[in-house]
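Subject: Structure handover

Hello,

Here is the structure I promised to pass on. My notes follow it, grouped by topic.

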Amino acid sequence: MSSSSCVTVRRGSLYISRDLCERYFSGLEAVILLRADHDLMIMPVRHAAAGGYLLKLRNSVGDRVVTAPDFFREQGWNDDHRQDLPVFWRTERAALCATGVFEVQS
């Protein structure tokens with residue numbers, strides 16, 4: 001995947017472009033957000049009964065938004081936090097990953 005692939009965290013929500021959704025989450029209605037050490041993992045949910053956060057349609061282009069203020073607050077990010085996160089697919093984790101995003105800032 002190219003280095004220009006990013007997701008954005010803003011106001012407790014995760015914004016994902018249509019292209020990323022089609023590439024990694026096509027046909028899915030939900031994802032799981034998971035912290036693994038300092039990394040954010042966005043994992044596909046294959047069965048609706050498994051839970052997760054809904055991939056809501058954001059606009060007519062097909063971009064998606066995941067509303068997850070509870071998850072981001074648990075990571076110490078307040079509702080004003082805004083950050084663009086470079087992401088890449090990690091096959092061994094079956095997840096779209098943003099590395100080092102939860103490192104302690106000095």
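R18, D19 and E22 are joined in a network of salt bridges. Keep in mind that this is a predicted model. Two contacts of R18 come out of the search. R18 bridges to D19, with the closest N and O atoms 3.1 Å apart. R18 also forms a salt bridge with E22, at 3.7 Å from N to O. Why can R18 and E22 be described as about one helical turn apart? Both sit in helix α1, residues 18–24, and they are 4 residues apart there, so about one helical turn separates them. As for solvent, R18 is partly exposed, with a relative accessible area of 33%. D19 is partly exposed too, at 44%. In general terms, side chains of opposite charge can pair when their charged atoms come close.

The whole structure holds 6 salt bridges. Another one I looked at links R82 and D84, where the closest N and O atoms are 3.4 Å apart. R82 has a relative accessibility of 48%, which counts as partly exposed. D84 is also partly exposed, at 44%.

**Sheets**

Next, the strands. Strand β1, residues 6–10, pairs with β8 in the antiparallel sense over 5 bridges. Within that pairing, R10 of the chain has R82 in β8 as its bridge partner. R82 is the residue that also forms the salt bridge with D84.

An open sheet of 5 strands also runs in the order β5-β3-β4-β10-β9, again with antiparallel pairing. Here β5 (53–54) and β9 stand at the edges, and each has a single partner strand, so one side of each lacks a neighbour in the sheet. Strand β4, residues 39–44, pairs with β10 in the antiparallel sense over 3 bridges. I42 has L96 as its bridge partner in β10.

**Around β9 and β10**

Where is E92 found? E92 is in the loop between β9 (88–90) and β10 (95–98). Is E92 buried or exposed? E92 counts as exposed, at 59% relative accessibility. The side chain of E92 makes a polar contact with the side chain of R90, at 2.7 Å.

T99 lies in the segment after β10. T99 is partly exposed, with 45% relative accessibility. Which residues does T99 contact, leaving aside its neighbours within four places in sequence? The answer is H38, D39 and F88. T99 and P44 are 55 residues apart in sequence, and the C-alpha to C-alpha distance between them is 18 Å.

**Cysteines**

Last, the cysteines. A disulfide is a covalent bond between the sulfur atoms of two cysteines. How many disulfides does the count come to? The count is 0. The cut-off matters here: a disulfide needs the two cysteine sulfur atoms within 2.5 Å. For C21, the closest cysteine sulfur is in C6, 14 Å away, and that is too far for a bond. For C97, the closest cysteine sulfur is also in C6, at 14 Å, again too far for a bond. C21 is buried, with a relative accessible area of 6%. C97 is buried as well, at 0% relative accessibility.

That is what I have. Please reply with any questions.

Best wishes

Notes:
Residues are numbered from 1 along each chain as its sequence is written. This is a predicted model: local features need pLDDT of at least 70, side-chain atom pairs count only at pLDDT 80 or more; totals for chains, interfaces and linings use all residues. Side-chain values use heavy atoms; hydrogens and water are left out. Buried means under 20% relative accessible area, exposed over 50%, partly exposed in between (1.4 Å probe, protein chains only). A salt bridge is a side-chain nitrogen of Lys or Arg within 4 Å of a carboxyl oxygen of Asp or Glu. Helices (H or I, at least four residues) and strands (E, at least two) are DSSP runs, numbered from the N terminus. A polar contact is a pair of N or O atoms within 3.5 Å; within protein, one must be able to donate a hydrogen and the other to accept it, and residues adjacent in sequence count only if both atoms are side-chain atoms. Two strands pair if DSSP finds at least two bridges between them. Contact means heavy atoms within 4.5 Å.
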